[in-house]
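Hi everyone, thanks for coming.

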Amino acid sequence: MKKKNQFRMSTTQIIMFGFFVTVIIGSVLLALPISSANGIAVPYLDALFTATSATCVTGLVTLPVVTTWSFFGQFIILLLIQIGGLGVITIMSGLMILFQKRIGIKDRILIQDALNLNSLSGLVRFVKKVIGGTFLVEGIGALLYMFVFVPEFGPRGIWISVFTSISAFCNAGIDIIGENSLCNYTYNPLINFVTSALIVLGGIGFIVWWDLIRILPQFRKQGIKAIRSLTLHSKIALSSTIALIFIGGIVFFLLEANNPLTLQGQPILKQLQASFFQSVTTRTAGFATLPQESLSNASAIFSLLLMFIGGSPVGTAGGIKTVTLVIIIASTLALVRNKNEVVLFHRNISRYTLSKAVAVATISFLTLFISTILLASVTNADTIDILYETVSATA
């Protein structure tokens, strides 16, 4: 009998391998002289770091993007951001659909695991919606950005608009405007609104998108009561996202209104605008309209909490996820009240879901804790600065 090769990669291993290959190819391309603005090849370690950061949409860079990379290099970075935001498996599935390749049961299981879905039915249609919806939202965002960037930068403003839109939607926080992120547009309402909208739409999760679209016809008949038809996942994701944005905005306003390095002296409406933008972008995106080094210690610590939480599942954002946070809080309250069951929106939360939430939070915290210790052992930087870096990378 012929021995068959028994080695088979699990779906998790395939996803990790896909990211690994993407990062390696991206780093090699970025290390080429053509990717550099001055024609001299960037050190491979910097290229590798940039490729990893772009693919994992962390927003961390060792070199300023706007001055280091040529158009080709910026295009590679943007491509990595798009792949990282949508996910390697989603991109691969989209290419298979585009070239009319058959998606078998193994491919469907892989897509299901990558997108954290509960059913194998309708996966191809879901992938099409995700990719189509992403390009539509990013396109609208780019068009709106052009009203500001084209008059300011000329034809280059078109590229800046496209890059910023994709980066914002994918919650990457990388831009090619300047070395101080969006600080030149702190009180520009269009930039603030469009960027915030893109960040929220990307971070809230694709499942919530289609759930909201599904109940739209019911709004005509039932009004706000139609929200009751949303799935438990969508209810948790939407309510927690709105709560975090509102609470975060108020907290930043209270902490920074009298800070002479950030908001002091500005009209209250501008202060609120900057505060709520900080609340939105801090959780995953990494854009900044306020100099982060000028924030008060209290704001910096609060920012770390928001960064650790992140966005919602099956979206472009990182973090432990809003749904994870809500489930853990609900479980804690149930324990305090001596309740045997965890209930959210009149639905019982299964033991498996609860265990999964605890595991995600625990692993993330341990990774953050160990990374902070390791980084602190090789640098004399301020503790809050170190935590900013490690939380950004972890989340």
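I'll start with the ground rules, then go through a helix, the cores and one serine.

This is a predicted model, where local features need pLDDT of at least 70, side-chain atom pairs count only at pLDDT 80 or more, and totals for chains, interfaces and linings use all residues. Residues are numbered from 1 along each chain as its sequence is written, and side-chain values use heavy atoms, with hydrogens and water left out.

Okay, helix 8. Helices here are DSSP runs of H or I with at least four residues, numbered from the N terminus. Helix 8 covers residues 156–169, and eleven of its 14 residues are buried, meaning under 20% relative accessible area with a 1.4 Å probe, protein chains only. Among the buried ones are Trp159, Ile160 and Phe163. What covers them? The cover for the buried residues of helix 8 includes helix 4, helix 7, helix 9 and helix 10.

Now the cores. A nonpolar core is a set of buried Ala, Val, Leu, Ile, Met, Phe, Trp, Tyr and Cys residues joined through side-chain atoms within 4.5 Å. The largest one has 66 residues, and Phe149 and Phe163 are among those with the most contacts inside it. Apart from that core lies another, of 13 residues, including Leu290 and Tyr388.

Last stop: serine 275, in helix 12. Serine 275 is buried, at a relative accessible area of 1%. Its side chain reaches the backbone oxygen of glutamine 271 at 2.7 Å.

Definitions and conventions. Buried < 20%, exposed > 50% of the residue type's maximum accessible area, 1.4 Å probe, protein only. Helix = DSSP H or I, 4+ residues; strand = E, 2+ residues; numbered from the N terminus. Expected span 1.5 Å × (residues − 1). Contact = heavy atoms within 4.5 Å. Polar contact = N/O pair within 3.5 Å; in protein donor to acceptor, adjacent residues only side chain to side chain.
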